[in-house]
Every structure is written in C-alpha cells, then in structure tokens.
Amino acid sequence: MESSRASEKKKLKRKEILEKKKAADQLLKAASAQIDHLTSFPSFCYFNKNGLCLRLEPGRGDKLSNCTKQHIQKLLKANMMGPYGSEWAVEEKVKRREMVAPEARYIFIYWNANEMMDNAFTPLLGFLHFRFTLEEEIPVLYLYELQLDSSVQGKGLGKFLMQLVELIAQENRMGAVVLTVQKSNTLAMKFYISKLRYVVSSISPSRVDPLVGVEENYEILCKTFDHEAKAILEDC
C-alpha cells in the first residue's frame, strides 16, 4: 500500500515537472516569435533627452545586414577590448557567432535627424542583444549586450534601455532579467548594482563556489520579478 502511494506521488511529481517545462517552453516560444518588441511600448521608440534625438528599431540575428554586422563589431571592439584584455581575441570570435544566431533579438539605436535615411548609411549608436531562454528551469530574458557609442554615453540612455528590457521581460512573463558583466568593467558593475539594483545571482561562479569564482573574470547578475525566480536565482 505504501509502495503504491509512493509510486503515485512520483508519477504526479513527474507530471507536474513535465507540465511546468511545457509551459516554460511555450512562454519562450511565444516571446521569441514576436517580430517587434517595441510595439507594446510606443513611448520607448524614441529617446529625446540631454541633447540626444534618437530612434529605436528592432532586429534579429539572422536578418542582419553586412553593414549592421560591421557596426556591431566596431562597437563591441571599442567598448569590450579593454575589459577583456588578452582574452579579447578569443571572445571576439565568440561574440561574432552569438551576434548572428537566429534566437538573437536586437534593439538598435540611431540618430533620429532624418526619418528617411537608409539605416545602411546611418551610424549605429548602440544596441541591445537579448534572448529568451531558461536558467535553472526559469524562463528569463538574458541580456547578452548593451553597447553604446561614446558620444551617447552618460546621458541617461543606458538606464532608459534597461527600463525597456525589464518591461519586455515582464510583458512576456519572464521570471527575471539575467546578464553577465566582466569584473574588470567597474563602471558597468556599478551601473547595474548601484543604480539599477541588480544582484549577483546564485548561478554566478562566485556564489556557486567562491574558491573557483575568484578565478573567474565575470559575474552573473539578475533582477527577478516573482517569488520562484527570486528563490532560485537569488536566494539559493
């Protein structure tokens, strides 16, 4: 009798796990299927502040023009070669592969001086690269890149873009926004932790195993939106 009850509990548990996984997969599929994540947030299609007049446009990794790829690579090199140091040569190749992945979703930032100007001839001033994925079975928006040209830094644009990222995540019922920051990138660490109140995640190397984490050159940060995500991605 006891064995039968235990078996039934195991079946119910397996069914619960499978249903939860199915629901998470459906959330990720629906979020990734959206062509334009800006349509739900029309007030975020433009940034007019501190002398900047910018427009935001959506994109995806498998639809990038050669010109856009070149602009992305240029921004990445300008901003990340310093923090990565001697590891940049290897990391640059990784980022080039990530850049064109079908699951990569983008928000591009351009000057808004001429609405009719072809983007192929418009300098890219910044971009967000994000994906919808699972972390510890929690559906999350993983922010791969937030890169801005030096001419538009320090004017509130980064905070504006992160507000958009968090709104997109919550609109699509993601449990958290997760991102990776190089430890040597002290300005970025201060921006996310002090200004935006992100925390070092429980899945970051320094928290998984402090002894091993000391040797790693990055931290994984997160901001959670529900109790389950908080319990798994922050509190473990």
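Helices (H or I, at least four residues) and strands (E, at least two) are DSSP runs, numbered from the N terminus. The model is predicted, so local features need pLDDT of at least 70 and side-chain atom pairs count only at pLDDT 80 or more, while totals for chains, interfaces and linings use all residues. Residues are numbered from 1 along each chain as its sequence is written, and side-chain values use heavy atoms, without hydrogens and water.

The largest pocket has a volume of about 1,100 Å³. A pocket is an open set of points on a 1 Å grid over the protein atoms alone, where a 1.4 Å probe fits, with protein on both sides within 12 Å along at least five of seven lines; lining residues have an atom within 4 Å of a point. The volume is the space filled by probe spheres set on the points. Of the 36 lining residues, Leu146, Gln147, Asn185, Ala188 and Tyr192 are closest to the centre of the largest pocket. At least two lining residues come from each element in the table. S5 gives the largest share, 7 residues.

| Element | Residues |
|---|---|
| Helix H2 | 66–84 |
| Helix H3 | 88–99 |
| Strand S5 | 138–148 |
| Helix H4 | 157–171 |
| Strand S6 | 176–182 |
| Helix H5 | 186–195 |

Gln182 lies in S6. At 5% relative accessibility, Gln182 counts as buried, a class that means under 20% relative accessible area with a 1.4 Å probe, protein chains only. Beyond its neighbours within four places in sequence, Gln182 is in contact (heavy atoms within 4.5 Å) with Pro83, Tyr84, Met189, Asn217 and Tyr218.

How values were computed. Axes fitted to C-alpha atoms, helices over the stretch in contact; angles between N-to-C directions. Buried < 20%, exposed > 50% of the residue type's maximum accessible area, 1.4 Å probe, protein only.
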